[in-house]
Amino acid sequence: MVVATALPALRAGFGASLSDLEWTINAYNLVFACLTLTGAALGDRFGRRRMYVVGLAVFTLASAFSALAGRPGELVAARIAQGAGAAVLLPLTLTLISDAFPAEKRGVAIGVWGGVTGLGVAAGPVLGGAVTEGLSWQWIFWLNVPTGLVMLPLAATKLRESRGPRHRLDVVGLLLAAVGLTGLAWAPVRAPAAGWGSAEVIGALVTGVAFVTAFLRWERSGARYPMLPLAHFRNRGFSTANAAGFLTFASLLGALFMITQLFQVGLGYSPLEAGVRILVWNAMPLLVAPVAGALADRYGTRPFMLAGLLLQAVGLGLLAWQVEPGVGYGRLVGPLIVAGVGISLVFPSVANAVTSSVPLGDAGVAAGVNNALRELGGVFGIAAAAIVFTAYGGYGSPQAFVDGCGAALWVTAGAAGLGAVAAAFAPARGGS
């Protein structure tokens, strides 16, 4: 979230292309998606608290290297390392929470987790704008370092250690998934510059499909300790919640990629002014998610997933409809609030549905699958938004930017609408 607000500053400071900006976000997301299942497996094998601390240490160190980057390529490399640390760190948060609370209180706990996540979402753009404007973009990464150094001893001493049922790493599955997912993500990111008919893009798509197919076959029949237990997807609650999570983040990150730039490039606000104005959108999870998590325990997760994705689709659609050169901020507030409330309902309900649809011992791998699919959704959402933005507009003028941004936001609204269709097929209360 902090990096998204700094994209125009990165573009100006590095002379970065649209592709460079995409990879600044997507390098992190893609590595996170590829490695998060392995992060969950490492927690099962070596201890969840221990690996949480390791992931936090890697993330903190990579943040320092991101701040020291002198070229786009160096920043992307550091973001890859950040993604690797986060792939161990983030899925274990849900696993540690699921282990610490009984089933009847887990929805409330995950709702609080969603609220804390909402605090980060809300603070990120404002903090990124303030730091970028008042200091420099490098400080959006330096700020992670003291925070990480404070958290490391607390995590090592205050968290309860636990392990899961998996005792070996699925190395073959990891390699097949990493190559396959990279190929599938590389194609849409490079297509605007290289062309859909280029050997590079076609080769990436073919490679991605081939390796993902091989990965699924390996997980089904060859892996002794599969990183992706395909049997869980026969559970309707698990599969629909993950589909909803994938499309939620495709919509959310695709919209965030465009909106943070819209306020600065298209409407002329400073980074801090843009961050403050976005707050009505991304502060909603802080207020709504804990309540939604508690209510989901009582009424089931499906109503909140469905209502949340419908609100997100409506809010982003209204935003796309209102976007035009010189549009007043007052016309954008309502759509942003509607979309923000929608996200707030989806966050805790998806997480609760995923972890409650599998045995407690598999909560780690379930959280890992959910995080991987969410990040992959973000990768494809940003890529799709960038493709449509390039087709209908560009950076040549504020008018050109607004034209492309409006078209891209319609795509993000459509992704949320598809997520609502997936949520409609979820079981009313758990089950398969």
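Buried here means under 20% relative accessible area, while exposed means over 50% and partly exposed lies in between (1.4 Å probe, protein chains only). Helix 12 covers residues 271-282, twelve residues, and reaches 16 Å from its first C-alpha to its last, close to the 16 Å expected at 1.5 Å a residue. That expected span is 1.5 Å times one less than the number of residues.

Before going further, a word on the model. This is a predicted model, in which local features need pLDDT of at least 70 and side-chain atom pairs count only at pLDDT 80 or more, while totals for chains, interfaces and linings use all residues. Residues are numbered from 1 along each chain as its sequence is written, and side-chain values use heavy atoms, with hydrogens and water left out.

Now step back to the whole chain. It has 17 helices and zero strands; both are DSSP runs numbered from the N terminus, helices being H or I with at least four residues and strands E with at least two. Of the 432 residues in the chain, 56% are buried. Among contacts (heavy atoms within 4.5 Å) with a separation of 6 or more, 83% are between residues 24 or more positions apart.

What does the interior look like? The largest nonpolar core has 48 residues, and Phe257, Met258, Ile259, Phe263, Trp281 and Leu409 touch the most other members. Such a core is a set of buried Ala, Val, Leu, Ile, Met, Phe, Trp, Tyr and Cys residues joined through side-chain atoms within 4.5 Å. Helix 11 supplies the largest share of this core, ten residues. Another core, of 18 residues, lies apart from it and includes Ala244, Leu309, Val350 and Ala416.

Phe257 sits in helix 11 and, at 3% relative accessibility, counts as buried. Met258 touches Ala385, Phe389, Phe401, Cys405, Ala408 and Leu409, leaving aside residues up to four places away in sequence.

Aromatic rings give another view. Rings of Phe, Tyr and Trp (its six-membered ring) pair if their centres lie within 6.5 Å; planes under 30 degrees apart count as stacked, over 60 as edge-to-face and the rest as tilted. The count comes to two aromatic pairs. In one of them, Phe246 and Phe380 are tilted, at 6.4 Å centre to centre and 40° between the planes. Phe246 lies in helix 11 (residues 236-266) and Phe380 in helix 16 (residues 363-392), so the pair ties together parts that are 134 residues apart in sequence. Phe246 is partly exposed at 25% relative accessibility, and Phe380 is partly exposed at 28%.

Two more stops complete the walk. Helix 15 (residues 330-356) is mostly covered, with 19 of its 27 residues buried. In helix 4 (residues 48-67) you will find Ser63, which is buried with a relative accessible area of 0%. A polar contact of 3.1 Å joins its side chain to that of Asn144. Polar contacts are pairs of N or O atoms within 3.5 Å; within protein, one must be able to donate a hydrogen and the other to accept it, and residues adjacent in sequence count only if both atoms are side-chain atoms.
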